[in-house]
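Subject: Structure handover

Hello,

Please find the structure below. My notes on the contents follow it.

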Amino acid sequence: MGSLLFYIRISQLSVVIPLISGLIFFKKLDKPFKLLFAFICFSALIEIGSSVMVHLYNNNMPLLHLYIFFEFCIFMYIIHLFFKEKKMLSKVILISLIVFVLTAIADAVFLDGIWKFNLYAHSLESMILVAFSLAYYYLFYKENQEMLVWRQPMFWFITGIFFYFSLNFFFFLLQKFLLIQNPSTSTIPTFIHAMTNIITNILFAISFRCFRRATN
Amino acid sequence: MFQTSNELILVYFAGTLFVFLLVAFLLLYVYLHQQKVNRYTLRLREQEIKKQQELFIALHEGEEKERKRLAEELHDGIGAKLSGLKMSLEYLANQKQLDAADKELLHRISLGMNESIEELREISQNLKPSILSNKGLPLALNEYIFHLKNKSDCYFQLFVDDFEEEIPFEFQITIYRIGSELLNNIHKHAKATHATLQILVSENMLQIIAEDNGKGFDEHNIVTGIGLANIKGRVAIYKGTINIDSSVSGTTIIIELPIQENK
């Protein structure tokens, strides 16, 4: 378990990568990516808060509830800014947001409770974000046949989301059984989660780096 | 829900593997599509460059035709009329009834006429260097230097490799234009006392090297005049490169033009 804890710590520390990248290119970032940078700062604070809570209460789930709530809202707002000219998609985003907020509240109050892993909110978040990531890829290739995708910050952001939430969907869905009921089976899934988190943070850092060409 | 932990881990791995394959497939598609886009963009750019080159060459050919027409107009039209007028003046100057003051005046007019005819011939020669087609590039450039020597304190030297048969005439005109422009720039701006122009051929590459011991110029700070811009334009048309090294003790300009591509 020692080495797994090491990977978890590395995964927590990896938030520093987009934080530094965002700081370097902050002046050149546009509105959605300034928001993403604010979220990265918030994530860093949550990571610190989680460690403190684990130390004090041996449980950091209340912070996870809060984190998931903000994560989803901010990611959806960034996606909404990208899709704002698509009226239909904007409506779907709004509906998704309402459904998610209701689920997250229900999860925290009635279903799992604030001290337990928010299985429903987390799984729903993963499904919705993966669906919107796929919508992004589809629309991007439908409308921008000649554009170099590597230079699009949104591409790296969406790829980060897609990578993290799709690969961890089963991890979130089976979290209760994996971690709580059968802790012995959770080593590899936890390791995969840590790795995907690191990769996602790197992808977010690349999305900030795309702004190096932009001029204010 | 799950009977054993093996069953649980199987569901997790099967699900995650499936998703992983989907992610990998999608990212591979993105990668391959981008490669395709890159190739397409590159091809478009090449086509654009080719089209521009064709346009430049057409313009260049048009310019040469226009120069030729102008040269002929000047030489056969105004030149012939001026020569006729000069002859009339000489006839008039030889009339016995004219007094000394009038003869002096006519003599001065005749001298002015001579200078005008000479300048006209020079302009006509520059516009259409017939000597280039008659006697070849080295003699044409020599002729150009001969005219410059009359007007300049600079000592000009010329070295030209023997290559005329390998190079089409249109390309030779370009070399002549670049060479004469370089010489003219030295004459007008460099304040040099010694300058050389070399035209060398080596391994499918033609080099035009102009060197002078003049005051030099800052390539980045000069307001690009028509002369240097013309040279750069001609070099670009023929897919060449230009290298300028200038300091207060002189300037070296090396122009390289591929021969094979311009045959």
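**Notes on the model**

At 36% relative accessibility, B:Glu118 counts as partly exposed (buried means under 20% relative accessible area, exposed over 50%, partly exposed in between, with a 1.4 Å probe and protein chains only). Its partner is B:Arg121: the two side chains meet in a salt bridge, 3.5 Å from N to O. A salt bridge here is a side-chain nitrogen of Lys or Arg within 4 Å of a carboxyl oxygen of Asp or Glu. B:Arg121 is partly exposed as well, at 45%. Both residues lie in helix α2 (residues 100–127) of chain B, three residues apart, about one turn of the helix. Helices (H or I, at least four residues) and strands (E, at least two) are DSSP runs, numbered from the N terminus.

This is a predicted model: local features need pLDDT of at least 70, side-chain atom pairs count only at pLDDT 80 or more, and totals for chains, interfaces and linings use all residues. Residues are numbered from 1 along each chain as its sequence is written, chains are lettered from A and ligands numbered from 1 in the order in which they are written, and side-chain values use heavy atoms, with hydrogens and water left out.

**Other salt bridges**

Over all chains there are six salt bridges. One of them joins B:Glu63 to B:Arg67, with the closest N and O atoms 3.3 Å apart. These residues are four apart in helix α1 (residues 5–93) of chain B. B:Glu63 is partly exposed at 33%, whereas B:Arg67 is buried at 19%. B:Glu63, B:Arg67 and B:Arg234 are linked in a network of salt bridges.

Also in helix α1 of chain B, B:Arg69 and B:Glu66 are three residues apart, about one helical turn, and their side chains form a salt bridge at 2.8 Å, N to O. B:Arg69 is partly exposed at 41%, and B:Glu66 is partly exposed at 37%.

**Interface of chains A and B**

In contact (heavy atoms within 4.5 Å) are 24 residues of chain B and 25 residues of chain A. The area buried between the two chains is about 2,200 Å², 80% of it from carbon and sulfur atoms; buried area is the accessible area (1.4 Å probe) that two parts lose on being put together, summed over both. In chain B, B:Leu8, B:Tyr12 and B:Gln34 lose the most area to chain A, together 26% of what that side buries.

Regards
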